[in-house]
Amino acid sequence: MNFLALTKARFSVRKYDPTLQLEKTKLDYVMECVRMAPSAVNYQSWHFHIITEKDELEKAYACYDRDWIRTAPCVILACIDHTLSWRRKNFDNKDHGDADISIAVEHLCLAAAEQGLGTCWVCNFDTALCKKSFNLPQDWEPVVLIPIGYGTDPYREKNRKEMHEILF
């Protein structure tokens, strides 16, 4: 599949087949794609926690209390380590950890789609509970929960702006 076809095929999956477990080879492939993601000054200020054990999954599910996420056999927690993230020091001190984690998570989602897996960006979750539940270091920020598995949602067409609406 070419890249444009892949980007069109990927969509946010909100229902997973709980009877199908992720193959380790597919998960390893996806995470290798994440590892290859670019980052500001190559600082790689991210950490990922692959959650597949029942008690750990319950912690993740509690941070985003929606029924649909409980169908995912795996959730990946993506965090920024703010002690590692690059800052634009000479100008506005902008922390590029958000950009770095976004690039890496999109690598994850696209690699998963290529492997026939579904994902969803979940950003609206209880980050304080997540930080506490997973005993994250003080300078780590939990940014995204990514449920991953074999989706059962039907494909949904994307509603995107026209090209002339995004170019200036």
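Here is a short chat about the predicted model above.

Me: Hi! What should I know about the model before we start?
Reply: It is predicted, so local features need pLDDT of at least 70 and side-chain atom pairs count only at pLDDT 80 or more, while totals for chains, interfaces and linings use all residues. Residues are numbered from 1 along each chain as its sequence is written, and side-chain values use heavy atoms, leaving out hydrogens and water.

Me: Which residues touch the most other members in the largest nonpolar core?
Reply: Ile-76, Ile-101, Val-105, Leu-108, Ile-146 and Ile-148, out of 24 residues. Such a core is a set of buried Ala, Val, Leu, Ile, Met, Phe, Trp, Tyr and Cys residues joined through side-chain atoms within 4.5 Å. Buried means under 20% relative accessible area, exposed over 50%, and partly exposed in between (1.4 Å probe, protein chains only).

Me: And where does the largest share of this core come from?
Reply: Helix 4, with seven residues. Helices (H or I, at least four residues) and strands (E, at least two) are DSSP runs, numbered from the N terminus.

Me: Switching topic: where is His-96?
Reply: In the loop between strand 2 and helix 4.

Me: Is His-96 buried or exposed?
Reply: His-96 is buried, because its relative accessible area is 13%.

Me: What is His-96 in contact with, leaving aside neighbours within four places in sequence?
Reply: Ala-40, Trp-86 and Arg-88, where contact means heavy atoms within 4.5 Å. Also, a polar atom of the His-96 side chain lies 3.3 Å from the backbone oxygen of Lys-94.

How values were computed:
A polar contact is a pair of N or O atoms within 3.5 Å; within protein, one must be able to donate a hydrogen and the other to accept it, and residues adjacent in sequence count only if both atoms are side-chain atoms.
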